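Subject: Structure for you to look at

Hello,

Please find the structure below. Have a look at it first, then read my notes.

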Amino acid sequence: MKVGYGKLMMWIFLLSDTFTFSALLISYGLVRFSYPTFKDLNPGQSLSDFTFSSEWWPTPERVFEAVPLLHGVSLPLVFVGIMTFILIFSSVTMVLAVEAGHRRDRADVEKWMLWTILGGATFLGSQAWEWSHFITGTGVGANLVFNEYGPTAFADFFFFITGFHGTHVLSGVILNILIFYNATNGVYDKRGHYDMVEKVGLYWHFVDLVWVFVFTFFYLV
Amino acid sequence: MANHVEQIEGERQKPQVKHLWKVFWILLIITAVEFVIAFTISADNDFGKWLKISIFIILTFVKSFYIVGTFMHLKEEVKALIWTVVLPVIFVIWFIAALVYFEGGYIGSVR
C-alpha cells in the first residue's frame, strides 16, 4: 500500500474513534426515543407551547437559545451555529497549512497553523461558556443527577458527548501548537518534509467531522 | 530531488487553494440551509418531523463527504486506504439501520 505508516495509523486510529462516537450517538438516540416527546403527552398542543419537564425529552432548540452578551434574548441555536462556523473555518485554515506544507513554504504553514490554533481556542472558549450557562441555567440548572431541562439522561448525554468532543478539540489544539512550534524552529525543513502537518491535520478535520454529526443529532434533530 | 532544486532556486510555488475555499463555502451554505430548515418546517405533525430529520441526516452526510474527501484528501488516496476506511463505516451504518428497522419498534415498551 503506497501510504506512509504514520498516516495509515492515523486513519486506523480515527476509525476506532468513529466507533466510539457512533456508540455515544447511538445510545443517545436509543435513550431519547425511549422517552415520550412533549407531543406524545400533550396531543392537542403545538410545539410552541413547549415547557420543560422530566416527563418528556426536551426540544434542543428550547434548551440552547442563549448567546453571550445578549442576556434574556431568545436566539435558538444561534450560538451553536457560530461555534459550527468557527470549527469549519479552522478546518479550512488547517487544510491550507497542509497545502503549504506540501509546497514546503514555512511562512505559510506558520500563518495557517496560527489561524487554526486561534479557531480551536475560540471554540473551546465558546464551549466553556455554553457549559457554564447549561450548568447554571435559570435557577436549578443541571448536573449529572438532576437538570431543569428534562430527564436526567439528557444532561448526562450533553456532558458526555460534548465533553468527549471538547477533549478531542483540546488535544487537537495542543498537537497544533506542537506542530507550529516545530515548524517555526525549522524541524520540518531539516527533516525535508512536512508530513507531520498532514497527519495532525487529519486528526483536526476528524474533530470537525464529529462536530458536524453532534450538531445534527444533538442540536438540530 | 526535484523539490530540492526548487528550494535552492528560492522560487515560491503558487498555492493551489481555490477548491479548498470552495468546499468551505459549500459547508457554510449547507449549515445555513440546515439552520433555516430548523425554523421553517414545523415539526408539529409526524410528516414535518420526519421530513426535517431525513433532510438533516442527508445534509450531514453531504457535509461529511466534503470534509473527508477534500479536506482529508481521502479522494486522492490509494484504493486500498479508501476501502479500509469506508468499509467499516458502511458496516456501522448497516448496523444502525438494522437495529432501527428490526428492534426499533420495541423501544416504546421499555418505559
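The model is predicted, not experimental. Chain A has a mean pLDDT of 92, with 100% of its residues at 70 or more.

Next, the two chains together. In chain A, 39 residues are in contact with 41 residues of chain B. On the chain A side, the elements that give two or more residues are α1(A), residues 5-34, along with α4(A) and α8(A). The largest share comes from α4(A), with 10 residues. By type, this side of chain A consists of 23 nonpolar, nine polar and seven charged residues.

Last, one helix of chain B. Helix α3(B) runs from residue 46 to residue 71, which is 26 residues. From first C-alpha to last, α3(B) reaches 37 Å, close to the 38 Å expected at 1.5 Å a residue. Which of its residues are buried? They are Thr60(B), Lys63(B), Ile67(B), Val68(B), Thr70(B) and Phe71(B). The cover over these buried residues includes elements from both chains: α4(A), residues 78-102, and α8(A), residues 195-220, as well as α2(B), residues 18-40. After α3(B) comes His73(B), which has a positive phi, near 60 degrees.

Regards

How values were computed:
Residues numbered from 1 in each chain as written. Chains lettered and ligands numbered in written order. Predicted model: local features only at pLDDT ≥ 70, side-chain atom pairs only at ≥ 80, totals over all residues. Helix = DSSP H or I, 4+ residues; strand = E, 2+ residues; numbered from the N terminus. Expected span 1.5 Å × (residues − 1). Buried ≥ 20, exposed ≤ 12 C-beta atoms within 10 Å, placed from the backbone. Contact = placed C-beta atoms within 7 Å. Nonpolar A, V, L, I, M, F, W, Y, C, P; charged D, E, K, R; others polar. pLDDT = per-residue confidence, 0-100.
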